[in-house]
Every structure is written in C-alpha cells, then in structure tokens.
Amino acid sequence: MARAAQLSEQELPRDHNHAGNNAARPANKTPAATKQPRELWTDSLGRMATRSAQILLILTVACVSVYALLQVRLLVIPTMIALILSAAIGPFVNMLRRRGLPGAAATGIAFVALLALLAGVTTVIVLSVRSQWNDLVQQAASGLDELEKFLLTGPFPLDREQLNQAREGIIQFATSSQVRSGAISGLSVVTEFLAGATLMVVILFFFLKDGAKIWNFFLRPFSGQREAKLRRAGRRTLEVLGGYVRGTAIVALVDTVAIGAALLILQVPLAIPLAIIVFMGAFVPLVGATVAGILAALVALVANGPVVALIVVAVVIAVNQLEGDLLQPIVMGKSLQLHALVILMALTAGTILAGIIGAVLSVPLAAVIWSVIQVWTAEDPDLEPMNPSLPPANSQPV
C-alpha cells in the first residue's frame, strides 16, 4: 500500500504538469490565430473597405449638395449665368476702367450696350414674324397638302385611314387636359423666369462692379500657397468662361450667317428668326445647332416642300461639319479642352438636373472644373505664362 501511494504521489505532479501544459497551449495559440481590430484594416481587404467607404461618403456629400442646390435653383442658376456673362463682358468693362471711367460708369455702359443688343434682336424677331406671318400661314396650308400627298403616294405610302387617325390623335392631344395643365404650369415657369432674370441682372452688375472685392472676401480665410492656388484657379476660371462664351459666339455667328443666307436664297419664310434661333442654339454644344437646323428644315418642309427641306438639311450638315472640324479647334483653342464623350455626358447630366438651362451651363462648368483640377495639381499648361501677371498673395483689390 505504501508503495502504491508513493507511485501515485510521484505521478501526480507529472499529470499536473501535463494538464498545465495542455492549458497553456491554447493560451499561446490564441493571439496568433485571432487578429487585433487595428490589423483588420491594414490588409488588402481592409484597405479596399476603407476606400469604398470614402467613395460612398464622397458620393453621398455630392448627391446631398446637388439636391440642396436644386432646391434653391432660383438663386443658383442666375448666379451661374451672371458669372459666365461677367467673364465674357469683364474685358470690356476693364478696358473702360483703364480709360479713366469709374467702376459704376463702366458697368453702366456695358449694361446699356447689352440691353441695346438684346432689344435689337427682339425687335428684329418680332418685326420679321409680323411681316411674314400671313404668307407663312398660306404657304403652310399648301405645304401641308403637299406633305399629305407625299405621304400617300411616296416610296412608303400610308393609308388614308392611318393618316386620319394620326390627325385625330394630334387634335385630341392639343385639346386634352394635359396641354391645358401644361399651359397653366407654363405661367409659373414664366414668372420664375422673370424673377430669375431680374436677379441675374442685379448679380451681374455687382460682379462687374465689385468682382475683385467679392473674390478677395472669399479668400480671406486662406493664406500662403493655398491662397496662391485659389487665386490662380479663379483667374483661370474667368479665362475659360470668357474664352468659351466669346468663342462660342463667333462660331454661332458663322453658323447663323451661313444657314441664314441659305434660307434667304431658298426663300424660306421666317429666315431671319430661324437664323437667330440657330445662333442661340449654338450655345448648346453638339446638339444645339443641329436641333435649330432641324427646326429650319421643318419650316422649309411645311412652307416650300420636301426638295427645299432636303437642301436645307444638306446645308445644316455641311455647316456642322465645318464647325466641328475647323471652327471649333481654331476659335475655341484651349478654352474647351474636353473630349466629346465628356461633353455629351455633361450635357445629359445638365439636361436631367435643370432642363435647357442645365444643358447650356453644363459644358462651361465642366470645362471650369477640369481647368481648376489642372491648376490645383500643377498640370495646367498655361500655368507658367500666367504666373507673372498674377497678383501676389494677401494683396488688396485694385
């Protein structure tokens, strides 16, 4: 018995040590098998999750910002239009200031000249429509008869019943409640347009008169290299917007003269108003002049028949080719360094967000954003020639 007790006492420590070793092994393996929370964000999956969260946060901020701007679009859109017009008219105001005129007088002269130009264009359109309206109605009646004959006896003839159904559908749509409700909502649109135009005129006046002071006020929180970059970005923004507006006006004037001359030679009614519409449509890149040309072709089709309409279409296509291959690269220069796909995407986004005004504003804003990115990353090709004429940091407005 004593021998057995001695053996059991000798085996107890061995079993105890064995049990202690077994208990210690899992404790040693636990730190190696389980990662700390900080280590979860340092591997490839963690870095990808971090970037994804950052991208989602940026997209959320962008969407909320766009939504907030759309809620106050009556303020945002006039401000943008005033900024673009001030960039285009600014050199004329500065020229008057260099000749000794005060800021308010130079701005007033620029405003009077702009209002005189708008009044002259409106007068030409109204007088042209009034003088040719009776002839247009008569030619439209005969043109519609010719169009009906062409649809019934052309290469793809339609049945009389199908043509009557289409005519009845158009009449029902014109007299429907949707059209009446659209006309009522159009009154609110006109009111909003007048309010926005008035606000735009006021903002434009102060941009032209006190633009430097306003910009320096926004730059007060910044200093050093950041302020210098912001000054370069502001100067580049004005250069891009001014060059874009002036270049587009030159291209639009060439389109207007070419298409307007063709309409006058072909004796298409309302040739001058249609040419002015072509001029205004040219400020919407890629599609504006084309849509205006299609409108001119439709008027020619109704008033002068399909042959004249085809000639107008050919002229519009030729002018658009001349604009895209020759005028845009030469006249616009470096003001619009955007790929055609970027322009198309900007047009689509602007149209979805703000309609026709968004389509007009989207392309110059995209060009400004790209130029600011180039300035901020020191990749602007015009940065070196532009530096000597820049005002120094912390400088007072002139």
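A charge sits over a ring if NZ of Lys or CZ of Arg is within 6 Å of the ring centre and within 35 degrees of the ring normal. The model is predicted, with local features needing pLDDT of at least 70 and side-chain atom pairs pLDDT 80 or more, while totals for chains, interfaces and linings use all residues. Residues are numbered from 1 along each chain as its sequence is written, and side-chain values use heavy atoms, without hydrogens and water.

**View A. Lys229 over the face of Trp376.** Lys229 lies 5.3 Å from the ring centre of Trp376.

**View B. Phe205 and Phe206 as an aromatic pair.** The whole structure holds 3 aromatic pairs (ring centres of Phe, Tyr or the six-membered ring of Trp within 6.5 Å; planes under 30 degrees apart are stacked, over 60 edge-to-face, the rest tilted). Phe205 and Phe206 are edge-to-face, 5.6 Å centre to centre with 80 degrees between the planes. Phe205 is partly exposed at 26% relative accessibility, and Phe206 is partly exposed at 42%. Buried means under 20% relative accessible area, exposed over 50%, and partly exposed in between, with a 1.4 Å probe and protein chains only. Ring pairs also join Phe111 to Phe205 and Phe206 in a cluster.

**View C. Phe217 and Phe218 as an aromatic pair.** The pair is edge-to-face, with centres 5.8 Å apart and planes at 75 degrees. Phe217 is exposed at 53%, and Phe218 is exposed at 51%.

**View D. Thr237 in helix H7.** Helix H7 spans residues 224-265; helices (H or I, at least four residues) and strands (E, at least two) are DSSP runs numbered from the N terminus. Thr237 is buried, at 14% relative accessibility. Beyond its neighbours within four places in sequence, Thr237 is in contact (heavy atoms within 4.5 Å) with Val368 and Val372.
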